[in-house]
Amino acid sequence: MEKEEQSLRDISPNLNSTTGGLTFSAAVIIYFAVMLFGALLTIFLTAVCKVDEHSDLFLYLNYLCAPVAITACISAVLKVRKIHPKYVFPVKCGSKYYVIAVLLIFGLLFSLSWLDSAVVEFFKLFGYKPRGAESYFPNLDGWRIIPAFLVIAVLPAVLEEALFRGVLLNCCERNMGTVRTVLVVGFCFSLFHASPEQTVYQFVAGCVFALLAVRSGSILPSVIMHFINNGIILVFAACNLFNESGNLNISNTVNIILIVVGALSLIGGLIWLFLDKKPLIKCEKGGVKKFFMFASVGIAVLGLTWILSLFGVS
């Protein structure tokens, strides 16, 4: 294993935690630049073109900012750092990992669905006012769910996984070791969304996605998980299954059953993963420090954004 890792470094010396940190900061900077352009475009469309400010167009523009930024970031990083895509986007894996992916995402969605509500209630103690669930989605009636699936489910599943479980994970694991990389990738994934009410769930989900990518040696199972997660939420929204607080309109009995079955599914999937005999990579001295040194700009900007969101400033 050590010879394989050394060979990989020789082939692609920039596949390291420095590149991982730079990638994260670059993704954040480009994302905010795209957001600024989107804001200017919104002003132009409402003031000059007289487009209704409540139009779904603006929701779609907002959702497209991250995919555009991530695409630009990954393209630039791979070119500047001279990294071949095959080293950060591995795709081959055993079929069992797709089964594990389904078990894990079902478990995450239904056994940990209470996490967001618990976090919101905690933040409410400090005056936090959560965003209404209806404002997250465009019109999902009839054929309109098709573009919503593309923009809200497909694009984030592919591009966010390419960034976090592709570039960041495969760069950082070489220096930071497997365990630290899984935790750091989960942290960065959660912070990137800058959503106080979803912070805990997204951190847990980000770590599970990363663990699956490490064990399978492929980003495809985590892409499937991410798509299922977003797709199910969209279907639930289209069927008006969410109340004003963003919780499912189901009875307590059904909710308890889903939590229990989901917990068993999540635990089963994790045990199946941990039974893998793939050895963990150890952390090298200075590997974590280098990542945070170069990721500090992105972390600082998103941390400030997270705090402002907590106090209702957006």
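In which helix is Leu109 found?

**View 1. Leu109 in helix H4 of the predicted model.** The model shown here is predicted, and in it Leu109 is found in helix H4, an element that covers residues 96-111. Leu109 counts as buried, because its relative accessibility is 12% and a residue is called buried under 20%. Leaving aside residues up to four places away in sequence, Leu109 touches Tyr201, Ile228, Asn229, Ile232 and Ile233. Phe187 lies 78 residues from Leu109 along the chain, and the C-alpha atoms of these two residues are separated by 19 Å.

**View 2. A nonpolar patch on the surface.** Phe187 belongs to a nonpolar patch on the surface, which it forms with Val179, Leu183, Phe203, Leu280 and Phe292. Together these residues have about 510 Å² of accessible area, and H7 gives the most to the patch, with 3 residues. Leu183, which is found in helix H7, is partly exposed, because its relative accessible area is 45%, a value between the 20% limit for buried residues and the 50% limit for exposed ones. Helix H7, made of residues 178-193, also has the highest mean pLDDT among the elements of the protein, at 96.

**View 3. Asn16 in the loop between H1 and H2.** Asn16 is found in the loop that joins H1 to helix H2, the latter covering residues 17-47. Asn16 is buried, because its relative accessible area is 14%, which falls under the 20% limit. The side chain of Asn16 reaches the backbone nitrogen of Thr18 at 3.2 Å, and, when residues up to four places away in sequence are not counted, Asn16 touches Arg81, Cys171, Cys172 and Asn175.

**View 4. Two lysines in loops with positive phi.** Lys50 has its place in the loop between H2 and helix H3, which covers residues 56-80, whereas Lys82 lies in the loop between H3 and helix H4. Phi of Lys50 is near 60°, a positive value in a residue other than glycine, and Lys82 likewise has a positive phi, of about 55°, although it is not a glycine. Lys50 counts as exposed because its relative accessibility is 65%, and Lys82 is exposed because its relative accessible area is 72%.

**View 5. Thr253 in helix H10.** Thr253 is found in helix H10, which is made of residues 252-274. Thr253 counts as exposed, because its relative accessibility is 53% and the limit for an exposed residue is over 50%. The C-alpha atoms of Thr253 and Ile83 are separated by 52 Å, and these residues stand 170 residues apart along the chain.

**View 6. Confidence at the start of the chain.** The mean pLDDT of the protein is 89, and 93% of its residues reach 70 or more. Helix H1, made of residues 2-11, has the lowest mean pLDDT among the elements, at 49. Over residues 1-9 the pLDDT stays under 50, and for this stretch the model has 10 contacts beyond four places in sequence.

Technical notes: Residues are numbered from 1 along each chain as its sequence is written. This is a predicted model: local features need pLDDT of at least 70, side-chain atom pairs count only at pLDDT 80 or more; totals for chains, interfaces and linings use all residues. Side-chain values use heavy atoms; hydrogens and water are left out. pLDDT is the predictor's confidence in each residue, from 0 to 100. Helices (H or I, at least four residues) and strands (E, at least two) are DSSP runs, numbered from the N terminus. Contact means heavy atoms within 4.5 Å. Patches are made of residues with over 30% relative accessible area and no salt bridge: like charges are joined within 9 Å, nonpolar side chains (Val, Leu, Ile, Met, Phe, Trp, Tyr) within 5 Å. Accessible areas come from the Shrake-Rupley method with a 1.4 Å probe; for residues, only the protein chains shown count as cover. A salt bridge is a side-chain nitrogen of Lys or Arg within 4 Å of a carboxyl oxygen of Asp or Glu. Buried means under 20% relative accessible area, exposed over 50%, partly exposed in between (1.4 Å probe, protein chains only). A polar contact is a pair of N or O atoms within 3.5 Å; within protein, one must be able to donate a hydrogen and the other to accept it, and residues adjacent in sequence count only if both atoms are side-chain atoms.
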